[in-house]
Amino acid sequence: NSCLTQAKDTNHLNAYITLTEDEGNKQAKQSLERYQKKEATSKLDGIPIAIKDNFCTANIKTTCASKMLENFVPTYNATVYEKLLNAGAVLVGKTNLDQFAMGSGTIDSIYDSTKNAWGYTEDDYYIAGGSSGGSAVAVATGSCFAALGSDTGGSTRNPASYCGVVGLKPTYGLVSRLGLIPLVNSMDVPGILTRTVDDCVLILNTIAGHDPKDSTTLTKPYKEILLPSSGKLSVKGLKIGIPKEYHCKNLDKEVLDTWNDVAKLLDENGAVVKEISMVNTEHSIVCYSILNQCEVASNMARYDGIEFGLRADENSSTEKLYATSRSHGFNEVVRNRILTGNYFLLTKNYEKYFNQALKVRRLISNDFYKAWEDVQVLLTPTTLSTAPKYKDFVKKTNRDQCAMQDFCTQPANMAGVPAISIPIKLSKKGLPISLQIMGRNLSEPMILALAKYIENIV
Ligand code: GLN
C-alpha cells in the first residue's frame with residue numbers, strides 16, 4: 001500500500017503508464033495469506049515491483065508508449081513477469097518509455113515524458129534517461145523495490161545512471177526475451193533496476209535461465225548467484241581495465257574525475273588497475289545505428305493494421321490501410337528508423353551497409369575478447385554527463401546527437417557481454433554520477449561482486 005501511495009504521490013514525474021492497483025492488491029493479498037501460513041514462495045514474496053510497458057502482461061494493457069499499441073492487451077505473460085509472479089512479487093504498474101524503446105530520454109512517449117526526481121521543480125526538470133526512464137524513476141522514488149527495463153544499447157543503464165539507481169544489463173541470452181516486444185532481436189536483453197546490488201542479484205536469480213520458448217536463451221543451467229557479505233568482499237589482485245578510447249570528446253569533467261577517483265581507490269585497495277586499448281570503440285555508434293535500423297525495419301513490419309494494433313479507418317485499398325495505420329501508429333523516430341533501415345537493406349545497399357556493419361560489430365566484439373586476455377573486468381563511465389535538462393535535450397541539434405549518450409553503453413550490447421551501472425556520488429548540481437562495470441560473458445557473479453564492493457566504499 002505504501003508503494004502504491006508513493007506511486008500516486010509522485011504522479012507528476014510520470015513514471016507509470018498504468019497502475020495495476022486491482023491486480024497488485026490481489027497478488028498482495030495472496031502473498032499475505034502465504035506469509036500467514038508460512039508458505040512464502042521466495043524472498044521476493046510480497047515485494048512490489050514495476051515492469052516497463054514493453055513486456056507483455058496478460059490482461060493488462062501493454063502499449064510500448066505508442067499509438068500503435070495503445071489498446072493492446074496481451075493474452076500471455078512475458079517469461080520474466082511469469083517468473084516474478086511465481087516468486088510472489090506484486091505488480092505496482094507498467095512504466096513509461098520512449099516509443100518502442102527507441103530513445104535515451106523517455107521523452108518520446110504518447111503519455112508524455114518521464115521526469116527525473118533529482119533536481120525537479122515545477123517549471124523545470126532534468127530528463128530521466130531512457131528508454132527505461134519510467135522504471136528508473138519508479139525505483140528511485142520508492143514506489144517499488146525493483147523494476148524491469150530492457151536494454152538494447154543502454155536503455156537500462158542510461159536511466160539508472162541519471163536517476164542514481166543500480167541498472168544491470170545481463171549477458172545476452174541469460175534472461176528470456178519471450179514477451180519482450182522486440183526492438184533489435186540480436187541485442188535486446190531484459191534489464192534490472194534496483195536501489196542496491198543485493199536486490200539486483202535477487203531479481204536476476206529469479207528471472208535468469210533457459211526458456212524453451214526463447215531459442216536464443218542459453219541452455220547451460222543457471223547457477224544462483226550468492227554474493228559474499230559486505231565485510232568479506234575484496235578486490236585484491238582483481239585485474240581492472242580502463243579502456244582509453246572511452247575517454248571520448250564530450251565526456252564531462254566531473255564524470256571523468258569520478259572515474260579516475262574510483263579507479264585510484266580500487267588500486268589502493270589492492271586491485272590491479274591498468275589502461276588498455278579497444279580500438280574499434282569509436283565505430284560503435286554508427287555501427288549500432290545501422291544494425292538497429294535494419295532490425296527495426298524488419299521487426300516493425302508486423303504492425304500492418306490488420307493482425308493487431310491500430311487499424312486506420314481506411315477501406316479504399318489494402319495498401320492504403322497499411323500506410324495509414326502505420327503513419328498514424330508510429331511517431332517520427334520510429335518512422336525514420338523504418339525508412340533508413342529499409343534503405344540500408346535494399347539489394348544495392350545491403351553489402352555496403354548491413355553486411356559491413358556486421359563485420360564491424362565482430363571487430364568490436366573482438367576488442368572485448370582481446371581485453372579479457374589482459375584484464376577481468378572493465379571500468380568506464382555509464383553516461384557522458386549527468387542528466388541533461390529536458391529543454392536542452394529536446395533542442396533539434398541535441399536530438400540529432402542523442403545517440404552519443406550511448407557511447408559507453410552500446411559496445412556491450414554489440415558484444416553481448418554483461419554490464420552494470422552503479423551510482424557513485426552527486427555532482428555539484430546535486431545530480432547522480434554513475435560508473436559502469438563490464439565483464440566477459442556470464443561473469444555476472446564477478447561484476448556484481450565488484451559493484452557491491454564499490455557501493456560499500458564510495
Ligand atoms: N538509445 C538507443 C536507441 O534508441 C538504445 C535504446 C535501447 O537500449 N532500448 O536505440
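This is a predicted model: local features need pLDDT of at least 70, side-chain atom pairs count only at pLDDT 80 or more; totals for chains, interfaces and linings use all residues.
**Phe368.** I count phenylalanine 368 as buried, because 22 C-beta neighbours sit inside 10 Å and the cut-off is 20 or more. Phenylalanine 368 belongs to helix α11, which covers residues 351–371. Next I asked which residues phenylalanine 368 touches once its neighbours within four places in sequence are left aside. I found Ala415 and Val417. I also noted methionine 278: it is 90 residues from phenylalanine 368 in sequence, yet their C-alpha atoms are 7.3 Å apart.

**Helix α8.** I then turned to α8, residues 284–299. I get 16 residues and a reach of 22 Å from the first C-alpha to the last, close to the 22 Å expected at 1.5 Å a residue. My list of buried residues in α8 reads Ser284, Cys287, Tyr288, Ile290, Leu291, Asn292, Gln293, Cys294, Glu295 and Val296. What do these buried residues of α8 pack against? I see α10, α11 and α14 (410–415), and α11 is the helix that holds phenylalanine 368.

**α8 against α10.** I looked up how these two helices cross. The angle between α8 and α10 (residues 332–345) is about 100 degrees, and their axes lie 7 Å apart. I therefore call α8 roughly perpendicular to α10, as 65 to 115 degrees is the range for that term. On the α8 side I list Ile290, Gln293, Cys294, Val296 and Ala297. They meet Arg337, Ile338, Thr340, Gly341, Asn342, Phe344 and Leu345 of α10. By class I have 7 nonpolar, 4 polar and 1 charged residue in this contact.

A reminder to myself: most residues other than glycine have a negative phi, and most peptide bonds are trans. Cysteine 64 has a positive phi of about 55 degrees although it is not a glycine. Alanine 65 likewise has a positive phi, near 55 degrees. I place cysteine 64 in the loop between β2 (48–52) and α3 (79–86), and alanine 65 in the loop between β2 and α3. Are they buried or exposed? Cysteine 64 is buried, since 28 other C-beta atoms lie within 10 Å; alanine 65 is buried too, with 31. I also found a cis peptide bond between glycine 130 and serine 131, with omega about 15 degrees. Serine 131 falls in the loop between β3 (90–95) and α4 (133–140).

**Ligand.** Last, I checked the ligand's surroundings. Of the 14 residues around the ligand, I note Ala101, Ser104, Thr152, Gly153 and Ser155 as those that come nearest. The shell divides into 3 nonpolar, 9 polar and 2 charged residues.

How values were computed: Residues are numbered from 1 along each chain as its sequence is written. A residue is near a molecule or strand if its C-beta atom, placed from the backbone, lies within 6 Å of it. Ala, Val, Leu, Ile, Met, Phe, Trp, Tyr, Cys and Pro count as nonpolar, Asp, Glu, Lys and Arg as charged, and the others, Gly among them, as polar. Axes are lines fitted to C-alpha atoms, for helices over the stretch in contact, and angles run from 0 to 180 degrees between N-to-C directions. Helices (H or I, at least four residues) and strands (E, at least two) are DSSP runs, numbered from the N terminus. Angles under 35 degrees count as roughly parallel, over 145 as roughly antiparallel, 65 to 115 as roughly perpendicular and the rest as oblique. Two residues are in contact if their C-beta atoms, placed from the backbone, lie within 7 Å. A residue is buried if 20 or more other C-beta atoms lie within 10 Å of its own, exposed if 12 or fewer, and partly exposed in between; C-beta atoms are placed from the backbone. The expected span of a helix is 1.5 Å times one less than its number of residues.
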